[in-house]
Amino acid sequence: MPLPQTSLRFSTQKQYTETSDLLAWQNTHACLPGPYPTRLSRPPESLWLKRREEVVKGRARPGPFTQAQLDEFEEKGFLFLPNFVSGEELEVLREELRYLMRHENYLGRDFSVTEPQGKEIRSLFAVHFLSERLSQLAHDKRLTDRVEQILGGEAYLHQSRINYKPGFAGKGFSWHSDFETWHAEDGMPAMHAVSASLILTDNHHFNGPLMLVPGSHKVFVPCLGETPQDNYRNSLKNQQAGVPSNEALTRLIEAGGGIKAVTGEAGGLLLFDCNALHASNANMSPDPRSNVFFVYNRMDNRCQKPFAANQSRPRFLAHEPGESWYP
């Protein structure tokens, strides 16, 4: 189903219609607005902007994806590959996750995020620096060849993390586009990034699987509300800035034919576009849900000054090409 048309008055050449708006933005954020204005102080005149970049840029590159798979990714904004890893390899990764999650030196650190009302670890960041095994996985050609087919060029790791939802205790994540956050707070210029999420436990409808809106990656939804200082300290537990409006979500969900929950057995791999709207519910079951998550950004799209925040987020959330990071 095609996306509904809107009376879009923002344009890629001129995001603001009044000079005072631009001056106010510069005074507040000390940075220029990019092609995707967001974290606005007043409601935009339209619900969304058309995406400027192609979704699949490397169709001509050799790689493991078929043209049909690339077509599916381009249309939906995501693709699930069952049984990406299995057997002993899967069990080694699970054991590595258990080791990292109970590492005493990581508890209470800024790169280790706990549940909003608990002490259980919700997310552990920069895991490809914390674990040699996960670094090997992140650079495995089974992953990177697929990433480069989508992005059309060499990529680096912008972010890595483990997400974990303990049984009955794991809370949900609000609807959002990762690119909106990375653009606003990390300074990612364009939509040349893709996320790879390897599920390490069975994901079913009751333990808080990832939910996506098919087709939502084709537009950018500007969000209302300026970025608070050190927003990451709260947003990683309970995101409030950078959340799309209910009206935009409703129309995009209707246009996409509903919400898709990604369920499957442990070892499956989900690849999804950086701008795909996604969320997850709380874990209402006794079964924990966990995944390891890598974000690949194209080399020529490295982050700059944030487009809608006063300062960049810490390095454990937004890495540079070739950097070394230590906890």
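Helices (H or I, at least four residues) and strands (E, at least two) are DSSP runs, numbered from the N terminus. The model is predicted: local features need pLDDT of at least 70, side-chain atom pairs count only at pLDDT 80 or more, and totals for chains, interfaces and linings use all residues. Residues are numbered from 1 along each chain as its sequence is written, and side-chain values use heavy atoms, with hydrogens and water left out.

**View 1. N301, in the segment after strand 13 (289–298).** N301 is buried (under 20% relative accessible area; exposed is over 50%, partly exposed in between; 1.4 Å probe, protein chains only). Its relative accessible area is 3%. Polar contacts are pairs of N or O atoms within 3.5 Å; within protein, one must be able to donate a hydrogen and the other to accept it, and residues adjacent in sequence count only if both atoms are side-chain atoms. The N301 side chain reaches the backbone oxygen of A190 at 2.8 Å. A polar contact of 2.8 Å also joins the side chains of N301 and N297. Contact means heavy atoms within 4.5 Å. Leaving aside neighbours within four places in sequence, N301 is in contact with M188, P189, A190 and H192.

View 2. At the start of helix 7, a side-chain oxygen of S177 reaches to within 3.3 Å of the backbone nitrogen of F179. Just after the helix, G187 takes a positive phi of about 85°.

**View 3. F293 with F272 and R161.** Rings of Phe, Tyr and Trp (its six-membered ring) pair if their centres lie within 6.5 Å; planes under 30 degrees apart count as stacked, over 60 as edge-to-face and the rest as tilted. The structure holds nine aromatic pairs. F272 and F293 form a tilted one, 5.9 Å centre to centre, with 55° between the planes. The pair links distant parts of the chain: F272 is in strand 11 (residues 269–273) and F293 in strand 13, 21 residues apart. Both F272 and F293 are buried. A charge sits over a ring if NZ of Lys or CZ of Arg is within 6 Å of the ring centre and within 35 degrees of the ring normal. The charged end of R161 sits over the ring of F293, 3.8 Å from its centre.

**View 4. Further aromatic sites, at F84 and around W325.** R142 lies over the face of F84, at 5.5 Å from the ring centre. Y106, F111, F129 and W325 form one aromatic cluster.

**View 5. G256, in the loop between helix 9 (246–255) and strand 10 (260–261).** G256 is partly exposed, with a relative accessible area of 25%. The C-alpha atoms of G256 and E75 are separated by 9.9 Å, although these residues are 181 apart along the chain.

**View 6. C274 and C303.** C274 is buried, at 0% relative accessibility. C303 is buried as well, with a relative accessible area of 13%. Disulfides (pairs of cysteine sulfur atoms within 2.5 Å) come to zero.
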